Each structure stands twice: as C-alpha cells, then as structure tokens.
Amino acid sequence: METKTIPTKNGHALNGFSIEDIGDDHLFTSLDTPMNPNAFDMSDKEKKERISILFSEIMDVMGLDLTDDSLQGTPDRVAKMYIEEIFSGLDPKNKPKVALFDNKYQYNQMLVEKDITFYSNCEHHFVPIIGKAHVAYISSGKVIGLSKLNRIVQYYAKRPQVQERLTQQIANELKNVLGTEDVAIVIDAKHLCVSSRGVKDDTSTTITTYYGGAFNTPEKINELQNYINS
C-alpha cells in the first residue's frame with residue numbers, strides 16, 4: 001500500500017502523517033531537546049517578564065478575572081516557576097558541576113542508585129510526568145558522588161520531555177562524565193497526559209531502559225532488576 005505524505009501546518013510531515021492525524025500519539029523526534037538557536041539571547045528576568053505578559057493573555061482569553069486577589073499574581077508566579085524551577089534544565093548554566101574521585105576502594109561491581117524521584121513535563125501537552133529513575137554504573141577507575149547522580153536526573157527532567165529522550169540524555173551524560181559505556185538507566189513513570197486527559201488511564205505507567213557496555217547482557221540485566229525490585 002502506498003504511503004501518502006500529508007503536509008503539516010509548517011510544510012512537513014512525520015512518517016506520512018500530519019499533526020492532526022497523529023493526534024495524541026507519542027512522538028520522539030530527536031535525542032536533543034529541540035531548541036531555537038537564540039534560546040538564550042534574553043536574560044532570565046526578560047523571559048519571566050515576557051512569560052508573565054503572555055500567560056496573562058491566556059488567562060484573559062479563558063475568561064478569568066485578573067483583578068481577583070487570588071489570580072492577579074498568577075502570571076508572575078507561573079513565569080518564575082517556568083524559568084527557575086520546572087523548566088530550569090533548559091539552561092546549560094544550571095547543569096550540575098560534577099567532580100570525580102579515584103576509585104580507591106577498587107570497587108568493580110555495579111553501583112545502583114535506585115528510586116530517584118523526579119518530576120518532568122510532557123512536551124506534547126505541558127502536563128507532569130512523575131516517576132522514578134534507577135541509575136547504575138561500573139567504575140572505569142573513577143567514581144561520582146551519589147548526590148550528583150540525582151542532580152543529573154533532575155537536570156534533564158526539568159525541561160519539556162519525552163521519556164525515551166530523558167533516558168538517553170541521562171545515560172549519555174553519565175557515559176561522558178564517567179568515561180565508560182558501562183551505564184544502565186531504568187525509568188518508570190506516570191504521564192498525566194494519559195491519566196488526567198485523553199484516554200484517562202490512571203493505572204498504566206511507562207518503562208524505558210538503557211543498557212550500555214557490560215550491562216547489555218542477560219546476566220547483568222537480571223542482576224540489576226533484582227537490585228531494583230528488592
């Protein structure tokens with residue numbers, strides 16, 4: 001059967017389907033977070049001022065009374081939250097600084113940091129993704145502080161995300177920092193774009209994995225899963 005290419009609004013098509021055809025279906029188009037080349041031309045202060053104005057317009061369009069005591073500060077609060085908190089991972093200046101240490105204990109088995117709670121946001125609807133990340137690596141001679149594993153997860157989670165990309169970004173960062181392919185990531189998350197809207201399935205979760213180097217064997221995968229499930 002011939003695949004018909006349907007152009008989207010911007011003149012492109014994804015696998016032959018338009019944005020309307022795709023609807024709520026899941027998309028994963030890039031390992032890098034899609035960013036404009038001028039993403040950091042404005043200061044954080046300018047961004048917050050602009051977002052506040054735009055969010056005021058959204059609230060006004062929805063018919064909300066911005067003179068109400070409870071609502072008049074909302075645009076500023078949202079702008080501050082976007083830039084300083086839930087989307088702070090978009091800015092490279094917020095990337096955690098990582099120090100490595102010699103593996104003086106000569107520990108050559110897997111190290112697992114499990115149940116790292118994170119909050120992200122789906123880039124398709126800008127609603128929360130809530131989950132846990134399990135991170136493991138085998139030292140190639142250097143070790144990383146445990147808290148830095150958490151901070152790396154949080155940095156990449158704090159941006160509009162797709163779970164597959166989040167998994168890959170954490171894995172790639174750890175491989176680069178630690179200088180080893182022996183890295184594994186398991187993420188188990190609930191997507192509110194699924195549970196609170198659309199199909200409204202409140203029981204399902206999504207699991208994504210990355211197994212690199214020595215972890216990419218049935219024995220090591222089973223060992224890691226045993227640690228995670230214990």
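This briefing covers the aromatic contacts in the structure above. The model is predicted. Searching the whole structure turns up three aromatic pairs. One of them joins tyrosine 82 to phenylalanine 87. Tyr82, Phe87 and Phe126 make up one aromatic cluster.

**Tyrosine 82 and phenylalanine 87**
- The pair is edge-to-face, with 5.0 Å centre to centre and 65 degrees between the planes.
- Tyrosine 82 is partly exposed, at a relative accessible area of 22%.
- Phenylalanine 87 has 8% relative accessibility, so this residue counts as buried.

**Phenylalanine 87 and phenylalanine 126**
- The ring centres of phenylalanine 87 and phenylalanine 126 are 5.3 Å apart.
- Their planes meet at 55 degrees, so this pair is tilted.
- Phenylalanine 87 sits in the loop between helix H3 (74–86) and strand E1 (100–102).
- Phenylalanine 126 sits in the loop between strand E2 (111–122) and strand E3 (128–137).
- The pair therefore ties together parts that are 39 residues apart in sequence.
- Phenylalanine 126 counts as partly exposed because its relative accessibility is 42%, whereas phenylalanine 87 is buried.

**A charge over a ring**
- Arginine 159 places its charged end over the ring of tyrosine 155.
- That charged end of arginine 159 is 5.1 Å from the centre of the tyrosine 155 ring.

Note on methods. Residues are numbered from 1 along each chain as its sequence is written. This is a predicted model: local features need pLDDT of at least 70, side-chain atom pairs count only at pLDDT 80 or more; totals for chains, interfaces and linings use all residues. Side-chain values use heavy atoms; hydrogens and water are left out. Rings of Phe, Tyr and Trp (its six-membered ring) pair if their centres lie within 6.5 Å; planes under 30 degrees apart count as stacked, over 60 as edge-to-face and the rest as tilted. Buried means under 20% relative accessible area, exposed over 50%, partly exposed in between (1.4 Å probe, protein chains only). Helices (H or I, at least four residues) and strands (E, at least two) are DSSP runs, numbered from the N terminus. A charge sits over a ring if NZ of Lys or CZ of Arg is within 6 Å of the ring centre and within 35 degrees of the ring normal.
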